[in-house]
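Me: I would like to go through the labels used for this chain and check each against its cut-off. Please give the value, then the rule, then the conclusion.

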Amino acid sequence: MHKLLTVLLLVMYLMLAKSSKADNAYRNAASDTLKIAELPTPNGIEMLFYLQRDPNTNTIIYELNWNEDGTLNADDPIHPYWKLYAKQQQCVELSMIQRKFAFGVSAKALAKEKYDIRILSYKKIPLTLMKGTDGKYHIFVTILNKQAILNRVFVRIDGGPVWSPNVKYMELRGTDTLTGKVIAERLKP
């Protein structure tokens with residue numbers, strides 16, 4: 001009888017532990033979504049897209065880099081900078097290290113008014129800067145095997161050193177060019 005009671009208690013403990021892990025996984029997934037939804041959305045800015053990441057609300061804005069004569073700077077067509085929500089929404093230039101190794105971009109002309117753009121910290125995702133059907137410049141990217149205008153990149157970081165953070169996933173969010181619907185895809189690096 002004592003053995004049977006021990007086995008029953010062990011089985012109940014394992015079932016509760018498994019249930020608890022499942023509940024925690026669900027809660028973590030739900031809180032993950034809430035955190036992303038609670039991030040500020042930049043507005044009032046002529047931007048191409050923005051990037052947000054853990055651990056705070058500070059945001060990198062990517063906007064067109066115009067010459068003084070009103071033409072696009074062909075050598076450096078995108079200007080990234082910080083919007084520091086934690087400090088009264090100050091706009092601050094990226095540091096040299098951030099610009100050269102992390103959040104800066106490389107640009108290669110493909111044709112007149114068309115550029116291959118890569119975020120320096122993760123060059124695997126091809127972005128294309130070109131004019132859309134509305135005559136304005138946009139960043140085009142493939143999301144869920146569909147052409148989309150990129151609106152936001154979110155990077156989920158789970159610890160790790162500053163120079164090599166543990167990236168759980170990147171979420172690309174944009175507007176499907178055919179349907180006009182917002183679509184998103186999470187990619188694991």
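Me: What makes Tyr137 count as buried or exposed?

Reply: The relative accessible area of Tyr137 is 12%. Buried means under 20% relative accessible area, exposed over 50%, and partly exposed in between, with a 1.4 Å probe and protein chains only. Tyr137 is therefore buried. This is a predicted model, in which local features need pLDDT of at least 70 and side-chain atom pairs count only at pLDDT 80 or more, while totals for chains, interfaces and linings use all residues. Residues are numbered from 1 along each chain as its sequence is written, and side-chain values use heavy atoms, with hydrogens and water left out.

Me: What is the secondary structure of the chain, and how is it assigned?

Reply: The chain has 2 helices and 11 strands, in the order α-β-β-β-β-α-β-β-β-β-β-β-β. Helices (H or I, at least four residues) and strands (E, at least two) are DSSP runs, numbered from the N terminus. Of the 189 residues, 33% are buried.

Me: How many aromatic pairs are there, and why is Phe49 with Tyr62 called stacked?

Reply: The count is 4 aromatic pairs. In the pair of Phe49 and Tyr62, the centres are 4.4 Å apart and the planes are at 5 degrees. Rings of Phe, Tyr and Trp (its six-membered ring) pair if their centres lie within 6.5 Å; planes under 30 degrees apart count as stacked, over 60 as edge-to-face and the rest as tilted. The pair of Phe49 and Tyr62 is therefore stacked. Phe49 lies in strand β1 (residues 49-53) and Tyr62 in strand β2 (residues 59-64), 13 residues apart. Phe49 is buried, at 0% relative accessible area, and Tyr62 is buried too, at 0%.

Me: Why is the pair of Trp66 and Tyr137 called edge-to-face?

Reply: The centres of Trp66 and Tyr137 are 6.3 Å apart and the planes are at 65 degrees, so the pair is edge-to-face. Trp66 sits in the loop between β2 and β3 (78-84), Tyr137 in strand β8 (residues 137-143), and 71 residues separate them. Trp66 has a relative accessible area of 39%, so Trp66 is partly exposed.

Me: What is the volume of the largest pocket, and what makes a region a pocket?

Reply: The volume of the largest pocket is about 790 Å³. On a 1 Å grid over the protein atoms alone, a pocket is an open set of points where a 1.4 Å probe fits, with protein on both sides within 12 Å along at least five of seven lines; lining residues have an atom within 4 Å of a point. The volume is the space filled by probe spheres set on the points. The lining has 31 residues, and the closest to the centre are Ala102, Phe103, Ser121, Val162 and Pro165.

Me: How does the lining divide by residue class?

Reply: The lining has 23 nonpolar, 6 polar and 2 charged residues. Ala, Val, Leu, Ile, Met, Phe, Trp, Tyr, Cys and Pro count as nonpolar, Asp, Glu, Lys and Arg as charged, and the others, Gly among them, as polar.
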